[in-house]
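Here is a short note for someone opening this entry for the first time. Please keep the sequence and the view side by side while reading.

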Amino acid sequence: MSKAETLQRIKEAEAQIRTVKEAAEREREQVLRAARREALDLIDKARQEGEDRYREVLASAEGAVAEERERLLAQAREEAARMAGRGRGNVDRAVELVLEKFRGAVRA
């Protein structure tokens with residue numbers, strides 16, 4: 001094989017290598033773009049799932065808080081009614097005590 005043929009084959013091999021490298025570079029860029037797009041999709045999906053879960057937890061907590069509030073209010077109302085009943089029961093006794101003191105003061 002002559003020098004010219006050898007040089008020609010080297011040039012052809014170099015051209016082939018360049019073509020293969022360019023194709024590989026294009027494929028690498030496409031794979032990177034696809035991976036970035038998939039990563040963004042996954043991030044969006046995870047964010048949406050997180051927001052949905054947040055809303056579920058918040059709604060559940062609000063319901064539990066409302067139930068607890070109503071329970072506490074019912075207990076407070078019952079206690080207030082008991083106290084009012086005791087107070088009404090003591091009114092008669094208080095009136096009698098005041099009248100006795102007044103009568104005692106008037107007699108003295």
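1. Start with Glu-25, Arg-28 and Glu-29. A network of salt bridges links these residues. The model is a predicted one. In total, nine salt bridges are counted.

2. Next, look at Arg-55 and Asp-52. They form a salt bridge, with the closest N and O atoms 2.6 Å apart. Both residues sit in helix H1, three residues apart, or about one turn of the helix. Arg-55 is partly exposed, because its relative accessibility of 45% lies between the 20% and 50% limits. Asp-52 is partly exposed too, at 31%.

3. Arg-71 and Glu-68 also pair up. Their side chains meet in a salt bridge at 2.4 Å, N to O. The two are three residues apart in helix H1, so about one helical turn separates them. Arg-71 is partly exposed at 39% relative accessibility. Glu-68 is partly exposed, with a relative accessible area of 35%.

4. Then comes the pair Arg-86 and Glu-79. The side chains meet in a salt bridge, 3.9 Å from N to O. Arg-86 counts as partly exposed at 47% relative accessibility. Glu-79 is partly exposed at 31%.

5. Finally, check Ala-105. This residue belongs to helix H1, which covers residues 3-107. Is Ala-105 buried or exposed? Ala-105 is exposed, because its relative accessible area of 55% is over 50%. How far apart are the C-alpha atoms of Ala-105 and Arg-53? They are separated by 74 Å, and the two residues are 52 residues apart along the chain.

Notes:
Residues numbered from 1 in each chain as written. Predicted model: local features only at pLDDT ≥ 70, side-chain atom pairs only at ≥ 80, totals over all residues. Heavy atoms only, no water. Helix = DSSP H or I, 4+ residues; strand = E, 2+ residues; numbered from the N terminus. Buried < 20%, exposed > 50% of the residue type's maximum accessible area, 1.4 Å probe, protein only. Salt bridge = Lys/Arg side-chain N within 4 Å of Asp/Glu carboxyl O.
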